[in-house]
Amino acid sequence: MLTLFGEGSLAPLGLCIILVLLAVIMTKRMSPLIALILIPFLGAMAGGFTPVETSKFVLEGLRAIVPAAGMFVFAILFFGVMSDAGMLDPIIDWIVKKMGNSPTRITIGTVILTLLIHLDGSGAVTFMLAIPALLPLYDRLGIQRRILACLLALAAGVNVLPWVGPMIRASAVLNVPATTIFNPLIPVQCVGLGFVLLVAYIFGKREEKRLGLSAQAAADAPVHVHQVPEDQKALRRPKMFWVNILITIAVIVCMVMNWLSAVLSFMLGLAFALVLNYRDVKMQKARIDAHSKTALMMASILMAAGVFVGIMKNSGMIKAMAGAVVSGMSADMGQHIPFILGIVGMPLTLFFDPDSFYFGVMPIIAEVYQTLGGDPIQVAQAALMGACTTGFPVSPLTPATFLLVGLLGLDLGEHQKFAIPFLWTSSIVMTFAAVAFGVFPL
């Protein structure tokens, strides 16, 4: 219990911890991993909690975070192995071939291709794979690079899957399965993807008009061919294409339908993928080693988040802060929280990185909403309409943004100015769709 400040100081203590956490992360004084562990622990000590009490808070937080961390680790390994085996290569080749030299087909194909590559949930990996495959085609026909950047950002941002970072963070904070948050959002995402395809079609038609490309001129131009890097060819298993597709479908269906837990679905999928594609034990180990760094880093951050959430929640600080906010609100005001969050989530990404928002800001909003009688899951669903999803490819706080503009040779400001209106509109469209489908109230 508190001895230094007294019971009434829980809310200001919690606020101080969150403000310090946000400050050190956003100013890069500490890495998120260190900040999520050190700041709440020191805050608890300053608040008068004993080390034994704090340890209990941490253990409770870690217990809640383990399923999400486990799913994320094995999802990264599974999709990494499938990428090594070349599961998407025939699909990429087919899409690139079908694009031909029509700007409209190319822009629509860009969206479809990005959605497929983004199956692993990593924006950075998506950009690294998609840009080399598409940029030569855009440059040869003279299609603006900023359009490619915008379409990649839209497709990756709207494609919020159960194993992507923001979803995992929201799941961990609320201690609910990712599928509980994701499944009601499936029709909402379909609307979002429809909007992205519409934007791609409009871009394509505009470019056809701007470039003055006739159907015959496009047909006469040489067709671009997707090339697999030489250092990856030895890992490809083209004869296993259909087997790998079936394994991937089985993993996703078992997870979404709740036939198996998410972590077990990816564990089994990884086991089958390794045994069937790489029979040699040394190759299996090499494939795991190749992707373990990314998996371990994300798992470490999630475990550190377990420390933060455990201390903040079990000490009563989040509840106290929510109570302070609720004291000045009515239930009628509170029902609009998810809708408002869905509308403003995308621009919030320009000020908060994923860890700061989902571990520092969202828990308070969720607690406020729950105190006013709402379901905190609706807050997570609203946040996923834009916060670090559609907003991540333009945020200066996410490394993937700089990878995107760097590979395309674009200025960050130019990219933001062109892409933000489309990204924010997609977020708003999905928010209204969520209201229409009854995911959360208006």
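**Salt bridges, helix packing and burial in a predicted model**

Modeller: The structure holds 9 salt bridges, a salt bridge being a side-chain nitrogen of Lys or Arg within 4 Å of a carboxyl oxygen of Asp or Glu. This is a predicted model, in which local features need pLDDT of at least 70 and side-chain atom pairs count only at pLDDT 80 or more, while totals for chains, interfaces and linings use all residues. Residues are numbered from 1 along each chain as its sequence is written, and side-chain values use heavy atoms, with hydrogens and water left out.

Colleague: Why is the contact between Arg287 and Asp84 called a salt bridge?

Modeller: The closest N and O atoms of Arg287 and Asp84 are 2.8 Å apart, which is within the 4 Å limit, so the pair qualifies. Arg287 belongs to helix α15 (residues 281–314) and Asp84 to helix α3 (residues 51–84), so this bridge ties together parts that are 203 residues apart in sequence. The helices named here are DSSP runs of H or I with at least four residues, numbered from the N terminus.

Colleague: How do you know whether Arg287 is buried or exposed, and what is the corresponding value for Asp84?

Modeller: The relative accessibility of Arg287 is 13% and that of Asp84 is 10%. Buried means under 20% relative accessible area, exposed means over 50%, and partly exposed covers the values in between (1.4 Å probe, protein chains only). Arg287 therefore counts as buried, and Asp84 counts as buried too.

Colleague: What makes Lys205 and Glu208 a salt bridge, and where do the two residues lie?

Modeller: Their side chains meet at 3.9 Å, N to O, and this value is still within the cut-off, so the pair is counted. Both residues lie in helix α10 (residues 186–211), 3 residues apart, which is about one turn of the helix. Lys205, at 39% relative accessibility, falls in the middle class and counts as partly exposed.

Colleague: How do you know that Glu207 and Arg210 are separated by about one helical turn?

Modeller: That description is used because the two residues are 3 residues apart in helix α10. Glu207 also forms a salt bridge with Arg210, the closest N and O atoms being 2.7 Å apart. The two partners fall into separate accessibility classes: Glu207 is buried, with a relative accessible area of 2%, whereas Arg210 is partly exposed at 46%.

Colleague: Turning to helix packing, what makes α16 oblique to α19?

Modeller: Helix α16 (residues 317–326) and helix α19 (residues 354–371) pack at an angle of about 60 degrees, with their axes 8 Å apart. Angles under 35 degrees count as roughly parallel, over 145 as roughly antiparallel, 65 to 115 as roughly perpendicular and the rest as oblique, so α16 is oblique to α19.

Colleague: Why are α18 and α20 described as they are relative to each other?

Modeller: Helix α18 (residues 337–348) and helix α20 (residues 376–383) pack at about 15 degrees, with an axis separation of 8 Å. This angle is under 35 degrees, and the two helices are therefore roughly parallel. Their crossing is right-handed.

Colleague: Where is Phe352 placed, and how do you know whether Phe352 is buried or exposed?

Modeller: Phe352 is in the loop between α18 and α19, and its 17% relative accessibility makes it buried. Phe352 and Met26 are 326 residues apart in sequence, yet 7.4 Å apart in space, C-alpha to C-alpha.

Notes
Axes fitted to C-alpha atoms, helices over the stretch in contact; angles between N-to-C directions. Left-handed = near helix turned anticlockwise from the far one by under 90°.
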